[in-house]
Amino acid sequence: MADKKTDEPYKRPQTLTRCEQITHFLYNSETHEVLGRTAKSWFQIALFYVVLYAFLAGFFIALLTVFYQTLNDHEPKWTMDNSLIGNSPGMGYRPTHADPDVTVISFNAKDPKYWSDRVDDFLGPYYTIAPKADAYAECNYGTANADPITPCSFKVDLNKCAQNDYGFGVNKPCLFLKPNKIFGWTPIPYTKEEIESEELQMPANLQAAILKLPTDVIEKNIWVSCMDMDNMNVTLEYDTHIGFPTFYFPYANQAGYLTPFVAMQIDNLPMGVTVKISCRLWAKNIVVDRQRRLGMTNLEILSNA
């Protein structure tokens, strides 16, 4: 069978300049292609990607919806033993430096403004209770544990620590100790008999101060003690109270919850020497572990004047 022949002569492709090639690619007047595709082709590929990304977006939204169904806005999913925090609180103190890398409380009694301002920042929320009195409950030692909705009010009651820029202006700085918050944790205080026993090994000065109190107060507090780690003969005095009443617990993410604190004044600070102080909490269900910083805290303070 003979090859089919055409009457049309062979035409050599037209040689285009670089500029003409670009123009031809942007729009081909012969085939009406834009960027190498016809209008139909562009419509098909656009439709494909619209459907694809709509599916992906819907799938992602569905996953988020399922995920958020497992969350609770009011309380964490994992608490106490099931959480990374555990069921034994740590301990913190204020004031601290604005730079978290600075751990030493270094102050000059001639210019105490920085640290007094830091204390003001810490105490600010406590002083705003009065205008919102209806949002807080008035609790006492006859009150049951904290309400899961309405927190107990905490009134700032300072004596010596309320003077001379919280003591920083007279080289007798006041520090404020507080337990860390753990959702749902309720303290189990020591009984009077347990505090009296030698097995507890509680500091003698703390033990004596506690045993002067009524029994119902003794058995409804988390106690706190501090000691000078280097025996620098500094004096540690507590302003007004030495414990955290149990009616402030458990913490349940109540709106406006204020963590109770103990004010401690440091006296006889040596000049130019960093003093190391260690504080700990006392309750049956508080584990004290210095390595993991459970139930205790360490702080350093330096007087430069």
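**Strands, core and disulfides**

Q: Which residue in S5 does Met91 stand opposite?
A: This is a predicted model, in which local features need pLDDT of at least 70 and side-chain atom pairs count only at pLDDT 80 or more, whereas totals for chains, interfaces and linings use all residues. Residues are numbered from 1 along each chain as its sequence is written, and side-chain values use heavy atoms, with hydrogens and water left out. S3 and S5 are antiparallel partners over four bridges, where helices (H or I, at least four residues) and strands (E, at least two) are DSSP runs numbered from the N terminus, and strands pair if DSSP finds at least two bridges between them. In S5, the residue opposite Met91 is Pro179.

Q: How many residues of S5 are buried?
A: Buried means under 20% relative accessible area, exposed over 50% and partly exposed in between, with a 1.4 Å probe and protein chains only. Cys174, Phe176 and Lys178 point one way from S5, while Leu175, Leu177 and Pro179 point the other way, and all are buried. In a regular strand the side chains alternate between the two faces of the sheet. S5 is largely enclosed by the rest of the structure, because the number of its six residues that are buried is six.

Q: Which residue in S9 stands opposite Cys174?
A: S5 and S9 run antiparallel and are joined by four bridges. Within S9, the residue opposite Cys174 is Gln265.

Q: Which residues does Leu158 touch, not counting residues up to four places away in sequence?
A: Leu158 is among the residues with the most contacts inside the largest core, and contact means heavy atoms within 4.5 Å. With residues up to four places away in sequence left out, Leu158 touches Leu123, Tyr166, Phe176, Asp239, Thr240, Phe261 and Ala263.

Q: How many residues are in the other core?
A: This core lies apart from the largest one, and Tyr190, Leu200, Ile218 and Trp223 are among its members. The number of residues in this other core is ten.

Q: What is the torsion about the S-S bond of Cys161 and Cys174?
A: These two cysteines are joined with an S to S distance of 2.0 Å. Cys161 is in the loop between H3 and S5 and Cys174 in strand S5, so that the pair links distant parts of the chain, 13 residues apart. Cys161 counts as buried at 0% relative accessibility, and Cys174 is likewise buried at 0%. The disulfide is left-handed because its torsion is about -90°.

Q: How many residues apart are Cys226 and Cys279?
A: Cys226 and Cys279, both buried, form a disulfide with an S to S distance of 1.9 Å. The torsion about their S-S bond is about 110°, so this disulfide is right-handed. The pair links distant parts of the chain, Cys226 in strand S6 and Cys279 in strand S10, and their separation in residues is 53.

Q: Which strands stand at the edges of the open sheet of five strands?
A: The sheet has mixed pairing and the order S4-S11-S10-S6-S8. Each edge strand has a single partner strand, so one side of each is left without a neighbour in the sheet, and these strands are S4 and S8.

Q: Which residue in S11 do both Ser106 and Thr274 stand opposite?
A: S11 pairs with S4 in the parallel sense over four bridges, whereas S10 and S11 run antiparallel and are joined by seven bridges. S11 itself is mostly covered, with six of its eight residues buried. The S11 residue opposite Ser106 and also opposite Thr274 is Leu302.

Notes
A nonpolar core is a set of buried Ala, Val, Leu, Ile, Met, Phe, Trp, Tyr and Cys residues joined through side-chain atoms within 4.5 Å. A disulfide is a pair of cysteine sulfur atoms within 2.5 Å.
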